[in-house]
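Here is a short briefing to read alongside the structure. Have the sequence at hand, and let's start with a pair of aromatic rings.

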Amino acid sequence: SAPLYCFVILIGMLVLLYFPLFYMMLGSVLDKTESGLTFTLRWYQEVLADTVMQEALGRSLMIAIGNACISTVLGAMAAIALLRSGFRFKAGLATLSLISLVMPELVFALSLLSWFFILHFDLSLMTVMIAHVSFTLSFVIFTVSSRFAAMDHSLDEAAQDLGASEWVVLRRVTLPLLKPALGTAFILCFLMSFDDFLITFFTSGVGSDTLPIKLYAAMKLGHTPKLNALSTLMILFSVTLIIFVVRSKSFRDVLLSSDGSTQDEST
């Protein structure tokens, strides 16, 4: 039957997509000896003892956390301004704010690199941070806008009728209702920044290499089980965060609010 064919095709696609990952993970715990393949955690021990990788990991975490904080704040402010204000060219600004969602990442990275050269910026961790914020800002605006558009705005009006100022309405009513979207946007920005290679490769300078850049440089010298272990740790870290987000109430609230079918329980 047709459902059976669809199921078989789905299983085949999943195998083609994820078999290389499982093969890489398997290679990270196997060691070839004279007696054959044996189970070992040697490669993970070497990764954890590598000070160069530890420094690159610290830079990746610093950039990812900083980018997530800045993008979430700026993106939330932009989304609220675009949906609540009635200024001219509102539709044009809303379209431009989502440009990085459709622009090829390579073109985006090259344009940022050219802009840094025009402004005479030395490539460093700061330029990487600026590039990551520029790239992930659109995703925050899109996520927060979806939640904001589905909110019950009569609550804002009721608060204003009771004498609350615009700042109090924003702090005590709007932001609590946007909390699920803000949390999801924060995690999304963190993951996109932590795993990013292409934009970081074009905008990083000497001494500002992140973990993906170090992984790429090590792969140029040859593929080793140690790289399998490092890649496996990055995958497990990212998957753990994704599972946390998907299983969280905030993520479910964002999905429901995008359908307009429900409001957050805090209302």
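Tyr 216 comes out as partly exposed, with a relative accessibility of 36%. Its partner in an aromatic pair is Phe 197, which is also partly exposed, at 25%. Please keep in mind that this is a predicted model.

**Aromatic rings**

- The rings of Phe 197 and Tyr 216 sit 5.0 Å apart, centre to centre, with 50 degrees between their planes, and the pair is classed as tilted.
- Phe 197 belongs to the loop between helix H8 (166-195) and H9, while Tyr 216 is in helix H10, so this pair ties together parts that lie 19 residues apart in sequence.
- Phe 201 and Phe 202 make an edge-to-face pair, because their planes meet at 85 degrees, over the cut-off of 60; their ring centres are 5.7 Å apart.
- Phe 201 is partly exposed, at 40% relative accessibility.
- One aromatic cluster is formed by Phe 197, Phe 201, Phe 202 and Tyr 216.
- The count for the structure comes to 11 aromatic pairs.

**Helix packing**

- Helix H10 (residues 211-219) packs with helix H3 (residues 51-84) at an angle of about 145 degrees, and the two axes are 7 Å apart.
- On the H3 side, the contact is made by Val 52, Met 53, Ala 56, Leu 57, Arg 59 and Ser 60.
- On the H10 side, Leu 211, Pro 212, Lys 214 and Ala 218 take part.
- Sorted by type, the residues of this contact of H3 with H10 are seven nonpolar, one polar and two charged.

**Cysteines**

- How many disulfides does the structure hold? The number is zero.
- Cys 69 shows why: the closest cysteine sulfur, in Cys 189, is 9.9 Å from the sulfur of Cys 69, too far for a bond, since a disulfide needs the two sulfur atoms within 2.5 Å.
- Cys 69 is partly exposed, with a relative accessibility of 36%.

**Confidence**

- The protein chain has a mean pLDDT of 82, and 91% of its residues reach 70 or more.
- Confidence in the chain is highest in helix H9 (residues 198-203), at a mean of 92, and lowest in helix H12 (residues 249-259), at 56.
- Residues 261-267 have a pLDDT below 50, and this stretch has 15 contacts in the model beyond near neighbours in sequence.
- Where pLDDT is low, predicted coordinates should not be read in detail.

Terms used: Residues are numbered from 1 along each chain as its sequence is written. This is a predicted model: local features need pLDDT of at least 70, side-chain atom pairs count only at pLDDT 80 or more; totals for chains, interfaces and linings use all residues. Side-chain values use heavy atoms; hydrogens and water are left out. Buried means under 20% relative accessible area, exposed over 50%, partly exposed in between (1.4 Å probe, protein chains only). Axes are lines fitted to C-alpha atoms, for helices over the stretch in contact, and angles run from 0 to 180 degrees between N-to-C directions. Helices (H or I, at least four residues) and strands (E, at least two) are DSSP runs, numbered from the N terminus. Contact means heavy atoms within 4.5 Å. Ala, Val, Leu, Ile, Met, Phe, Trp, Tyr, Cys and Pro count as nonpolar, Asp, Glu, Lys and Arg as charged, and the others, Gly among them, as polar. pLDDT is the predictor's confidence in each residue, from 0 to 100. Rings of Phe, Tyr and Trp (its six-membered ring) pair if their centres lie within 6.5 Å; planes under 30 degrees apart count as stacked, over 60 as edge-to-face and the rest as tilted.
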